[in-house]
Amino acid sequence: MLFLSKKQDWLGNISGDMLAGIVVALALIPEAIAFSIIAGVDPKVGLYASFCIAVITAFVGGRPGMISAATGAMALLMVTLVKDHGLQYLLAATLLTGVLQIIAGYLKLGSLMSFVSRSVVTGFVNALAILIFMAQLPELTHVTWHVYAMTAGGLAIIYLFPYIPVIGKSLPSPLVCIVALTVIAIYLQLDIRTVGDMGALPDTLPIFLWPEVPLTLETLQIILPYSVPLAVVGMLESMMTATIVDDLTDTPSDKNRECKGQGLANIGAGLLGGMAGCAMIGQSIINIKSGGRGRLSTLCAGVFLLIMVVFLDEWLSKIPMAALVAVMIMVSIGTFSWSSIVKLKQHPLSTNIVMVATVIVVVWTHNLAYGVFVGVLLASLFFANKIGHFMYVESKLDEATNSRTYHVIGQVFFNSADKFTAAFDFKEAVEKIVIDLHRAHFWDISSVTALDKVVIKFRREGAEVELIGLNEASSTIVDRFGVHDKPEEIEKIMGGH
Amino acid sequence: MNTNTNRVLACIDGSSLTEAVCDYAAWIAQRVDAPLKLLHMIDHHHETAAISDLSGNIGLGSQEHLLEELAAVEQQRSKLRLQQGKLLLQAAKERVIQAGITNPDSNQRHGSLVESLIELEDSIRVLVIGIRGKVHENQPDKIGAKLESIIRSLHKPILVVNDAFKAPQRIMIAYDGSKATEKAIDMVAISPLYKGLTCHLVNVSKDDAATEQLLEAAVSKLKNAGGIEVTTKKLQGKPDQALCEYQDKHDIDMIVMGAFSHTRIHDLLLGSFTAKMLVNAKKPLLLLR
C-alpha cells in the first residue's frame, strides 16, 4: 500500500514536474546548508538528509507534489543534542523519530490534526517564519558592512529579477542571487564568510552507515526526549503543509500515509548520515508555483540536489553566507502568513489570542510542539467557554398547585455546571418542582453531579422533584453516573452541608 | 422508486462515438423499458499544472496570491468545460428524444469517470460507453485508458460501443461454460432485451463431448425463456480470432460475453481475452459481469 501510486501521480505532468524539481532543488541547497548550521552540524548532514527525505517521500509520501527535506523546525530541536552528545546520537535520534512516526501513522494519529484549529496553524507558520529569520541573525551580527550590502543586494535580486522581461520568469531568482553574489565576492576578493567555512560539504554520494552509538537503555534515555518532539513537530508541519498543498491544488491527500512516509524518510536519512526532516511549507509553495504537481517533482528535487552538490562542491564552498541569508530571509517572508496580520482586526479576540500565544511560546522555547500544545489548549478552553454560554434556565410558577417548572435549555457540562446550579431558586417555598430537561444536553459527570445537587437541595427544602424529558444523550450519562435516585448516596454527596 | 434505480446510463464525452452511444442507450432503454440517463463528466486533470512560474521566489502573501491565481485560472477553464458539456448533453438529449425516449435524464458531474460510476453503480441497470474517449479518438488500435478499470470496478452489464448504431438483429454469445458465462446465459434468458433476436451460441474449444453437453444445457435454458431463436456453433482455434471471424461471416450485430474474470496479475502475464476482444471486435460488446 505504501509503495502503490497512481500512474498519473508520477507521469501526469512530466515536464512541469522536472522543471519545478530543478527550481526546488536550487532553493533546497541553501536551505539545507542553513539548517545544518542551525543544528550545529556539517552542511553535508543537511544536504544528505534533504536528498534522502525528498527521494523517499516521493515514493511513499501521501501528498504528491509536497517537498520534504531538512527543515528549520526540526533543526532547532536538535541543537542541544548535537552540542552535548555529537552527531552520532543525532543520527540515532533521527532513526527513532522515523520509527515513532511510522507507529503514529499506523495508529492513524494523523486524524488528530482536526484538533489543531486554524489559528494554531497560522500561529505555527508565523512562528516558524520568525524562527527561520532569527536563525539568520548570527550571520548578520559582528560583521563588516559588506555583508549587509551583499544581503540587501541579494534580496533585491530575488524580488526584482522576476520583473525583467523574458528571462525574469524562466530563471529562478534565488539562483541568480547566489550566482551573482558569489561572482561579486570572488571578483572583489571580499573577506566574508563562505559556505566552505561552515564545515564539510559532501564530496561523495551518501553511504549507508549505522550510527555509532551503544545500543543501551542509556542511549535511549538520551535520544528519546529529542525523538518525541522531533516526531511530533515533523508530523505537525507535514500535515499542515499537506493541507496547504491540498488547498492549492484542489486535490486530496492521505495524511496517515504521509505520517508513515515521513517516518520511512527519516529512517532513511538516519542511515545515510542525514538529520531528521519533514515537509517544508515554503518549498512546497515554490514547487506548486513552479508548476510541480506529481511525485516526480519531489524525486527530481532530491536527485538534482544531490547531483549538483556532489559535482559542484568546489563552487558550493565559495558561496558567501550573505547569499544564503538572503535566500533564507526570502523563505521566512514567504512562509509568514501575511493575511493573518491583515485580518487581526476582523477576527475575534479569542482567535487572535490563540494565534499570538502560539507564536510567543514557540519563539520563547524554540520548540514548535510546545507552541501547538499551548495553542490547542487555549483554543479548547475558549471553545468550552463559548459553548458554556449556550445554556439558560427559565421557570414558571403554577400557583394553583404551588409548583414551579424549570425549563433547562442548552449545553450543560463542566464549564456551565455552576451557572446551571445558580439558575435555581432554592429559597422559594413550593411543594413541587418539575425540571424539564427536554432541550438540555448533559455532557459529563460535572453536569450530572450538578443536577444531582439541585435535586437533592430541592428535596431537602421539602419539595417533590420530578425530572422530565431527559433526552437520550443525557439519560445515558445520568444512568451511568447519577446518584439522586439512590438514597444511600445522597448523604455522601451532601455530607459537607 | 424505480425511476431512481435501474437506469440505462450513457456516458458521453463529445468524441465521435457519442452519437452511437446515445443511439444504443436509447435502443436498450426502449427494449427493457427503463429510464435513460445521460452522464457527462468534467475531469479536471489536477495532475497537470495550470500555471508555471519558474521565478522560484516567495514573498509576503505568496500562498494567498498563488491560491487566488490558481482558483481564477481553473474557474475560467471549468466554466468553459461546463458550457461545452451542457451543449453536449443538450444535443444528446435531443437525439434520444428523437429516438423515442420520453424524459431522458441528464447529469453533469465533476471528477473522474471511474469514481463517479462506482458511486452511481447501484442506480445503473446497463452502462453504455464508447470504446475510446476523446484522447484516443484517432487510434483505432487502442481502447480508452479508463475502460478496463471501469469494467473491472463495476458489476453491472456494460455495452461497449465501437461503431455507428445499427439495431441489433443477430447477437452472438461467447460461451465457455465458466461461471461468468453461465450467469450471462441466465441474464440473457430473463432479460427482455433479447426477445425476438437471433442468438448464436458460440463456443471455442477442443474438447467436443464436454462442449456438446454444455451447449445443450445452455440452449435449453435460452429456449425455455422463449422469444429467442438459438443456433449453436463450435469453433476451434484462438478464441478471439475465431469469434471475430464468425461475427464477420454471420453478420452478427452484437457480442455478449463475460468480462475480466481473472485477476489483473493473471491478465498481465497471460493476456486478457476480454482486452483482445475489445480491440478486435468490430461490433459492440455487451459485457456481463
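Author: What follows looks at the two domains of chain B and then at the contact of that chain with chain A. This is a predicted model, in which local features need pLDDT of at least 70 and side-chain atom pairs count only at pLDDT 80 or more, while totals for chains, interfaces and linings use all residues. Residues are numbered from 1 along each chain as its sequence is written, and chains are lettered from A and ligands numbered from 1 in the order in which they are written.

In chain B, domain 1 covers 7-45 + 81-161 and domain 2 covers 170-288, with bounds that come from an automatic or database domain assignment. Taken over C-alpha atoms, the centres of these two domains of chain B are 24 Å apart. Where they meet, 15 residues of domain 1 of chain B are in contact with 13 residues of domain 2 of chain B, two residues being in contact if their C-beta atoms, placed from the backbone, lie within 7 Å. On the domain 1 side, the elements of chain B that give two or more residues are α1 (18-32), α4 (147-153) and β5 (158-161); here helices (H or I, at least four residues) and strands (E, at least two) are DSSP runs, numbered from the N terminus. The residues of that side divide into 11 nonpolar, no polar and four charged, where Ala, Val, Leu, Ile, Met, Phe, Trp, Tyr, Cys and Pro count as nonpolar, Asp, Glu, Lys and Arg as charged, and the others, Gly among them, as polar.
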